[in-house]
Amino acid sequence: MNIFKNVDVDKLANIYFEGKVISRNIFLKDGSKKTLGIMLAGRYEFTTTSRELMEIHSGKLNVKIAGDKDWTVITEGMDFNVPKNSSFCLEVLELVNYTCSYFND
């Protein structure tokens, strides 16, 4: 889906790693939450409290989810899941434009 309609958007951005990762929360009418963001080149580590789906719309990164031995290359049009109460490391190789969806299961 390239367009989200009828959503509420937080005015304040989520800013991480000295502005190298920036996102905005959007809330859909069904009560679900997503973030829309960008990540500049660099290495980052995140933790999760709910299951997450990261969809990559442009750019290129390597991801390593807690417990994985190897890095996985993710490029435009690909996605990856992260379990709840977990963590993941990213090595952003070129500017990434992404959507993250959060699930309460």
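Where does Ser 32 lie? In this predicted model, Ser 32 is placed in the loop between β3 (21-27) and β4 (33-39). Strands (E, at least two residues) and helices (H or I, at least four residues) are DSSP runs, numbered from the N terminus. Ser 32 counts as partly exposed, because its relative accessibility is 23%; under 20% relative accessible area is termed buried, over 50% exposed, and the range in between partly exposed (1.4 Å probe, protein chains only). Not counting residues up to four places away in sequence, Ser 32 touches Ile 26 and Phe 27, where contact means heavy atoms within 4.5 Å. Ser 32 and Phe 103 are 71 residues apart in sequence, yet their C-alpha atoms are 7.8 Å apart in space.

Residues are numbered from 1 along each chain as its sequence is written, and side-chain values use heavy atoms, with hydrogens and water left out. As the model is predicted, local features need pLDDT of at least 70 and side-chain atom pairs count only at pLDDT 80 or more, whereas totals for chains, interfaces and linings use all residues.

The protein chain contains nine strands and zero helices, and its pattern along the sequence is β-β-β-β-β-β-β-β-β. The radius of gyration of the protein chain is 13 Å, close to the 13 Å given by the globule rule for 105 residues, so the chain is as compact as a globular protein of that length. This radius is taken over C-alpha atoms, and the globule rule is 2.2 Å times the number of residues to the power 0.38. The C-alpha trace spans about 40 × 30 × 25 Å along its principal axes. Of the 105 residues, 33% count as buried. Among contacts with a separation of 6 or more, 58% come from residues 24 or more positions apart. The accessible surface of the protein chain is about 6600 Å², and carbon and sulfur atoms account for 50% of this surface. Accessible areas come from the Shrake-Rupley method with a 1.4 Å probe; for residues, only the protein chains shown count as cover.

Strand β9 (residues 87-103) takes part in several pairings, where two strands pair if DSSP finds at least two bridges between them. With β6, β9 pairs in the antiparallel sense over 13 bridges, and Lys 60 stands opposite Glu 94 of β9. β4 and β9 are also antiparallel, with six bridges; here Ile 38 stands opposite Asn 97 of β9. Strand β5 (residues 42-47) pairs with β9 over six bridges, again in the antiparallel sense. Phe 46 has Phe 88 as its bridge partner in β9.

Strand β6 (residues 51-65) also pairs with strand β7 (residues 72-75), in the antiparallel sense and over four bridges. The bridge partner of Leu 61 in β7 is Ile 74. The two strands, β6 and β7, form a hairpin with six residues between them, and Gly 67 in the turn has a positive phi of about 95 degrees.

A positive phi is also found at residues other than glycine. Phe 17 has a positive phi of about 50 degrees although it is not a glycine. This residue, Phe 17, lies in the loop between β2 (14-16) and β3, and counts as partly exposed because its relative accessibility is 35%. Asn 85, likewise not a glycine, has a positive phi of about 50 degrees and is found in the loop between β8 and β9. Asn 85 is classed as exposed because its relative accessible area is 61%. Ser 86 is also placed in the loop between β8 (79-82) and β9, but Ser 86 counts as buried because its relative accessibility is 15%. Apart from its neighbours within four places in sequence, Ser 86 is in contact with Phe 46, Thr 47, Thr 48, Ile 65 and Ala 66.

A nonpolar patch on the surface is formed by Ile 15, Ile 22, Ile 38, Leu 40 and Leu 95, which together have about 400 Å² of accessible area. Patches are made of residues with over 30% relative accessible area and no salt bridge; like charges are joined within 9 Å, and nonpolar side chains (Val, Leu, Ile, Met, Phe, Trp, Tyr) within 5 Å. A salt bridge is a side-chain nitrogen of Lys or Arg within 4 Å of a carboxyl oxygen of Asp or Glu. Leu 95 of this patch is located in strand β9, and is partly exposed because its relative accessible area is 44%.
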